[in-house]
Amino acid sequence: MSTISVNVPDRVMSAIAERARNSGYADVNEYVSQFVLRLCERQSEVEALAIEGLQSGPSEPWDKNEIEGIRADLKSKYGN
């Protein structure tokens with residue numbers, strides 16, 4: 001296993017330590033390691049979805065009703 005050293009401001013370290021504690025990780029190292037792993041996995045998923053979208057053929061424009069439906073869904077989920 002490799003080791004890296006990263007310098008972060010104290011407030012960032014406090015936030016990371018708190019998230020590690022609240023998430024049940026043994027220590028900050030375990031939390032950061034798992035976070036980076038999940039980030040890499042998510043990046044791969046996003047790239048695969050982008051490729052799938054590109055390979056799906058030409059897109060079709062949305063009409064006003066579709067756009068308003070999406071907007072309403074987002075507002076109900078996230079607020080204004």
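Colleague: How many aromatic pairs does the count come to?

Modeller: The count comes to 2 aromatic pairs. Bear in mind that this is a predicted model.

Colleague: Why is the pair of Tyr 25 and Tyr 31 called edge-to-face?

Modeller: Their ring centres lie 5.4 Å apart. The cut-off for a pair is within 6.5 Å, so the two rings pair. Their planes stand at 75°. Edge-to-face needs over 60 degrees, so the label holds.

Colleague: What makes the pair of Tyr 31 and Phe 35 stacked?

Modeller: Here the planes are at 25°. Stacked means under 30 degrees, so this pair qualifies. The ring centres are 6.2 Å apart, which is within 6.5 Å.

Colleague: Where do Tyr 31 and Phe 35 lie?

Modeller: Both are in helix H2, residues 28–55. They are 4 residues apart, about one turn of the helix. Together with Tyr 25 they form one aromatic cluster.

Colleague: Is Tyr 31 buried or exposed, and how do you know?

Modeller: Tyr 31 has a relative accessible area of 8%. Buried means under 20%, so Tyr 31 is buried.

Colleague: Why is Tyr 25 called partly exposed?

Modeller: Its relative accessible area is 22%. Buried needs under 20% and exposed needs over 50%, so Tyr 25 falls in between. Phe 35, at 40%, is partly exposed by the same rule.

Colleague: What makes Gly 24 exposed?

Modeller: Gly 24 has 62% relative accessibility. The cut-off is over 50%, so Gly 24 counts as exposed. Gly 24 sits in the loop between H1 and H2. Its C-alpha atom is separated from that of Ile 51 by 35 Å, with the two residues 27 apart along the chain.

Colleague: How many salt bridges does a search of the whole structure find?

Modeller: The search finds 2 salt bridges. Side chains of opposite charge can pair when their charged atoms come close.

Colleague: How do you know that Glu 45 and Arg 42 meet in a salt bridge?

Modeller: The N to O distance is 3.0 Å. The limit is within 4 Å, so the contact counts. The two residues are 3 apart in helix H2, about one helical turn. Glu 45 is partly exposed at 43%, and Arg 42 is partly exposed at 45%.

Colleague: What makes Glu 68 and Arg 71 a salt bridge?

Modeller: Their closest N and O atoms are 2.7 Å apart. That is within 4 Å, so this is a salt bridge. These residues are 3 apart in helix H3, again about one helical turn. Glu 68 is partly exposed at 36%, as is Arg 71 at 40%.

Colleague: Which residues make the nonpolar surface patch?

Modeller: Trp 62, Ile 67, Ile 70, Leu 74 and Tyr 78 make the patch, about 550 Å² in area. Leu 74 belongs to helix H3, residues 64–78.

Colleague: How do you know that Leu 74 is partly exposed?

Modeller: Leu 74 has 45% relative accessibility. That lies between 20% and 50%, so Leu 74 is partly exposed. Patch members need over 30%, so Leu 74 passes that test too.

Colleague: Which residues lie nearest the centre of the largest pocket?

Modeller: Ile 4, Val 6, Asn 29, Val 32 and Ser 33 lie nearest the centre, out of 13 lining residues. The elements giving two or more residues to the lining are helix H1 (10–22) and H2. H2 gives the most, with 5 residues. About 540 Å³ of space lies in this pocket.

Definitions and conventions
Residues numbered from 1 in each chain as written. Predicted model: local features only at pLDDT ≥ 70, side-chain atom pairs only at ≥ 80, totals over all residues. Heavy atoms only, no water. Phe/Tyr/Trp six-rings, centres within 6.5 Å; stacked < 30°, edge-to-face > 60°. Buried < 20%, exposed > 50% of the residue type's maximum accessible area, 1.4 Å probe, protein only. Patch = residues over 30% accessible without salt bridge, like charges linked within 9 Å, V, L, I, M, F, W, Y side chains within 5 Å. Areas by Shrake-Rupley, 256 points an atom, 1.4 Å probe, with all protein chains shown as cover. Salt bridge = Lys/Arg side-chain N within 4 Å of Asp/Glu carboxyl O. 1 Å grid on protein atoms, 1.4 Å probe; cavity = no way out; pocket = protein on both sides within 12 Å on 5 of 7 lines; lining within 4 Å. Points joined across faces, edges and corners; volume = space filled by probe spheres on them.
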